[in-house]
Each structure stands twice: as structure tokens, then as C-alpha cells.
Amino acid sequence: MRHEHELPESVSKWGWKFHHLGIPTNVKMPDEQYIPHLKFYVSGFATSPFGVEWMRFDDDSPFDELIKTVPHLAFVVDDLEYEIATRKLNVITKSNYPSEGIKVVMIEHNGAPIELMEFDKNMRKT
């Protein structure tokens with residue numbers, strides 16, 4: 001069992017890196033950016049020092065209801081396919097590309113949505 005002072009296994013052993021907290025909303029937020037092929041708006045991430053991102057979905061957005069209604073944590077991983085195969089993760093949204101150079105998969109764990117992100121090697125900063 002993990003103690004309060006210990007980091008989660010995904011960070012401490014698997015090497016995942018926290019990226020953002022995505023919060024669904026029905027409220028139009030300032031400076032929203034629309035992602036037309038996925039039919040949703042995002043805002044807040046670029047200016048949040050904590051990685052908070054607001055997400056507002058069109059009614060016909062292709063995402064699972066869990067993603068549209070429950071906040072999610074997002075982690076950066078080196079290899080999405082490796083993580084899915086090795087960790088036997090419950091994938092609820094097939095891999096997609098919300099923007100150039102970013103591949104994303106949504107998984108579910110204990111009723112919570114979690115986003116895994118893989119950045120094109122040329123986009124990564126050391």
C-alpha cells in the first residue's frame with residue numbers, strides 16, 4: 001500500500017509526467033480554442049501555472065460520456081502503444097491527434113478518465 005508521502009506508481013516507477021487537469025464545463029470560457037475534428041473547445045491551459053484546462057464539448061463530440069462529465073488527469077508518456085500493452089490499460093477512446101505532433105489516448109481507471117499523451121520526438125524539450 002502506498003503511503004501519503006509517496007508518489008503514485010505511474011510517476012515513481014513508470015516514468016509518466018503530469019501534464020494537465022482537464023475539467024469539463026458547459027460554460028463558455030475566455031479565449032476558447034475550437035478543435036473542429038473532435039468537436040470541443042479548450043481554454044486555460046496556456047496561462048495556468050498548474051496545468052488546468054477547461055473543456056466544453058459539442059453535443060455530437062465523439063468522446064465517451066465519462067470524458068465529457070468527469071475531470072481527468074493527463075500524463076506524458078514516451079510510447080503510448082508500449083504503455084497500453086504493458087500496463088493492460090482500459091482504453092475508452094482510440095488514439096487521436098488533437099493537434100499536430102500530439103497523439104492522445106483516453107483510458108479509464110476505477111471510474112476516472114485519464115489521458116495519456118505522446119509528443120512527437122521533434123516537439124519534446126529536454
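## Pockets and ring contacts

By class, the lining of the largest pocket is made up of 18 nonpolar, 9 polar and 3 charged residues, where Ala, Val, Leu, Ile, Met, Phe, Trp, Tyr, Cys and Pro count as nonpolar, Asp, Glu, Lys and Arg as charged, and the others, Gly among them, as polar. The model is a predicted one, in which local features need pLDDT of at least 70 and side-chain atom pairs count only at pLDDT 80 or more, whereas totals for chains, interfaces and linings use all residues. Residues are numbered from 1 along each chain as its sequence is written, and side-chain values use heavy atoms, with hydrogens and water left out.

A pocket is here an open set of points, on a 1 Å grid over the protein atoms alone, where a 1.4 Å probe fits and which has protein on both sides within 12 Å along at least five of seven lines; lining residues have an atom within 4 Å of a point. Grid points are joined across faces, edges and corners, and a volume is the space filled by probe spheres set on the points.

| Pocket | Volume | Lining residues | Nearest the centre |
|---|---|---|---|
| Largest pocket | About 650 Å³ | 30 residues | Gln33, Ile35, Val42, Phe45 and Glu53 |
| Second largest pocket | About 310 Å³ | 16 residues | Ser10, Trp14, Trp16, His109 and Ile114 |

To the second largest pocket, two or more lining residues each are given by α1 (9–12), β5 (72–76) and β7, and the largest share, 3 residues, comes from β7. Helices (H or I, at least four residues) and strands (E, at least two) are DSSP runs, numbered from the N terminus. By class, this second lining has 8 nonpolar, 3 polar and 5 charged residues.

Strand β1 takes part in two pairings, a pair being counted if DSSP finds at least two bridges between the strands. With β5, β1 runs antiparallel and is joined by 5 bridges, and there the bridge partner of Gly22 is His72. With β4, β1 runs parallel and is joined by 4 bridges, and in β4 the partner of Ile23 is Trp54.

How many aromatic pairs does the rule give? The count comes to 6, with rings of Phe, Tyr and Trp (its six-membered ring) pairing if their centres lie within 6.5 Å, and with planes under 30 degrees apart counted as stacked, over 60 as edge-to-face and the rest as tilted. The pair of Trp16 and Phe75 is tilted, because the ring centres are 5.6 Å apart and the planes stand at 50 degrees. This pair links distant parts of the chain, 59 residues apart, with Trp16 in the loop between α1 and β1 and Phe75 in strand β5. Both Trp16 and Phe75 are buried, which means under 20% relative accessible area, while exposed means over 50% and partly exposed in between (1.4 Å probe, protein chains only). By contrast, Phe40 and Phe57 form a stacked pair, at 5.3 Å centre to centre and 25 degrees between the planes, and both of these residues are buried as well. Trp14, Trp16 and Phe75 form one aromatic cluster.
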